[in-house]
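Hi,

Here is the structure I said I would pass on to you.

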Amino acid sequence: MSTPRANRSVIAEAVAPWSDVAQLLRGGEAGTLTPVIIPRHRRRLGWMAPLWVGLFSMLVGLMLAAQDSSGAGDLAYDTLAVLAYAFGVFLLLVGGLWWWRSSIVEIEQGTNGILTRYGAVVRTLNPGRHYLWHPWSRVEFVVDTSTEIPYSAPVMACPTRENVPLRSIEFFLKFRITDAVLFVRIIGAGNFDLVLSSAVQDAIRQRARQISTERAYDLRGSDVADMQELLNRQLSRYGVRITGCNIPDVQLPAQYQQHLATRERVAKERVAYDQEWGLTRKRRIDALGMDIERAKKVRDARIVEVKAALNNAREQVAQLLEKQETNAQRVRFEIETRGRSGLIAAENEARAQRRLAQAYRDNRAVLQYELARRRLDVGAELAGKAPQPVVVRTDAGAGGDSSALATLLTAQLLPQLGAVERADRPADRRGD
């Protein structure tokens, strides 16, 4: 078994006078927890001596008063009897006060006293003042039953799942004595310290066997409700209840401490790098966000400029269209005016041409009439001067000689007829 360290709590009982009971129950001595005090009794049988002497003095006085004598002897016996009575009464008063004072017992608040008579437990005394009139009744133990007593039990060389012994596991618990009679009669404070230490070490070793060495630090502040329940089942028969427990600290071997320190350092550096990268990333994101916002503002400004330019262009186009429409209207009006003027001129010219044509037509009819009349005159003159027609039969007759003669005559007459016709034609043309 491993040797406990100096900070291990020790439970013990102490023998002390009634004046030191409260101090020992609250603070103990030299780091020792003292839930049970055996009071140093002040009840002695000395208070019986004044009572017996007083009774004896009363009997002496009674005997002196019963003596029969005369004269000075009677006065002396009476005087001695009165003195004996007075001394006896005084001793009886002293013995009674002594008995009353020694029977007073005051139990501190939060504790219970165990009353015994002839060594047997009679009952428990609640906090307050009690009177123990029986000479052999005494408060054997004063037990603290209301305070939750802290107890620290470090477990040394506790092996893990890999059978690696941990340097120590600090285990802290609080317990309260629920039944004072069971506690002092069955186990006692000294034995309870050994039993509690053994139970705690067994529970801690079972818990340590369930975890790996790398996760040993997970024991710190872990849930130990199952261990508390186990300890309560083991200690309930002693009148003790565990009210709370935890594992405040775990110490690993030096090699594992260095290993874990390296891991923690790497983890911290990783966390620091992650934080630095997070800050850098956030800074870059913020810069990009600012650039994006700036670009958005520039884009919005350019959009505004484009919209303004578009509006100006639209206005210019509208003005140009209006101007063109005005010019087109003016040109149209000019064209219409010119057209109307040309139409009027054309109509006037057409009227003039019509009138001229009418006049020309009238003149032409006259001219044609004159021409026709002249032609008739010429025709009549030509008809008078025209040669007689010669009929040439070209049909084949009864013989071939007549045809040949006709043909020969025709060939001689045709040139002459042609010359006469050509001579007549120029004359006709000149006459026309």
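**What I found**

Asp 193 is buried, with a relative accessibility of 6% (buried means under 20% relative accessible area, exposed over 50%, partly exposed in between, using a 1.4 Å probe and protein chains only). Before you go on, note that this is a predicted model, where local features need pLDDT of at least 70, side-chain atom pairs count only at pLDDT 80 or more, and totals for chains, interfaces and linings use all residues. Residues are numbered from 1 along each chain as its sequence is written, and side-chain values use heavy atoms, with hydrogens and water left out.

So where does Asp 193 sit? Look for it in helix H4 (helices, H or I with at least four residues, and strands, E with at least two, are DSSP runs numbered from the N terminus). Leaving out residues up to four places away in sequence, Asp 193 touches Arg 8, Ser 9, Val 10, Ile 11 and Tyr 151 (contact means heavy atoms within 4.5 Å).

Now follow H4 itself. This helix covers residues 180-209, which makes 30 residues, yet its end C-alpha atoms are only 35 Å apart, while a straight helix would reach 44 Å at 1.5 Å a residue (the expected span is 1.5 Å times one less than the number of residues). H4 also has a kink of about 80°, centred on Asn 191 (the bend at a residue is the angle between axes fitted to the seven residues ending there and the seven starting there). At the N-terminal end, H4 is capped by Asp 179, which has a side-chain oxygen 3.2 Å from the backbone nitrogen of Val 181.

Next, the sheet. Five strands make an open sheet in the order E1-E2-E7-E4-E5, with mixed pairing (two strands pair if DSSP finds at least two bridges between them). E1 (10-16) and E5 (120-125) stand at the edges with a single partner strand each, so one side of each has no neighbour in the sheet. From one strand to the next, the twist averages 25° (axes are lines fitted to C-alpha atoms, for helices over the stretch in contact, and angles run from 0 to 180 degrees between N-to-C directions). H4 lies across E1, E2, E4 (111-117), E5 and E7, and runs at about 130° to E1.

- E2 (residues 32-39) and E7 (residues 137-144) are antiparallel, over two bridges, and Val 36 has Val 143 in E7 as its bridge partner.
- E4 and E5 also run antiparallel, joined by five bridges; Arg 117 is partnered by Ala 120 in E5. Their hairpin has two residues between the strands, and Tyr 118 there takes a positive phi near 60°.

Then come two loop residues. Is Arg 161 buried or exposed? Arg 161 is exposed, at 53% relative accessible area, and belongs to the loop between E9 (155-159) and E10 (165-177). Arg 161 and Thr 213 are 52 residues apart in sequence, but their C-alpha atoms are 7.1 Å apart in space. Pro 127, in the loop between E5 and E6 (128-131), is partly exposed at 35%. Its C-alpha atom is 4.6 Å from that of Ile 107, 20 residues away along the chain.

For the overall view, the chain has seven helices and 11 strands, and 26% of its 432 residues count as buried.

Cheers

Conventions. A polar contact is a pair of N or O atoms within 3.5 Å; within protein, one must be able to donate a hydrogen and the other to accept it, and residues adjacent in sequence count only if both atoms are side-chain atoms.
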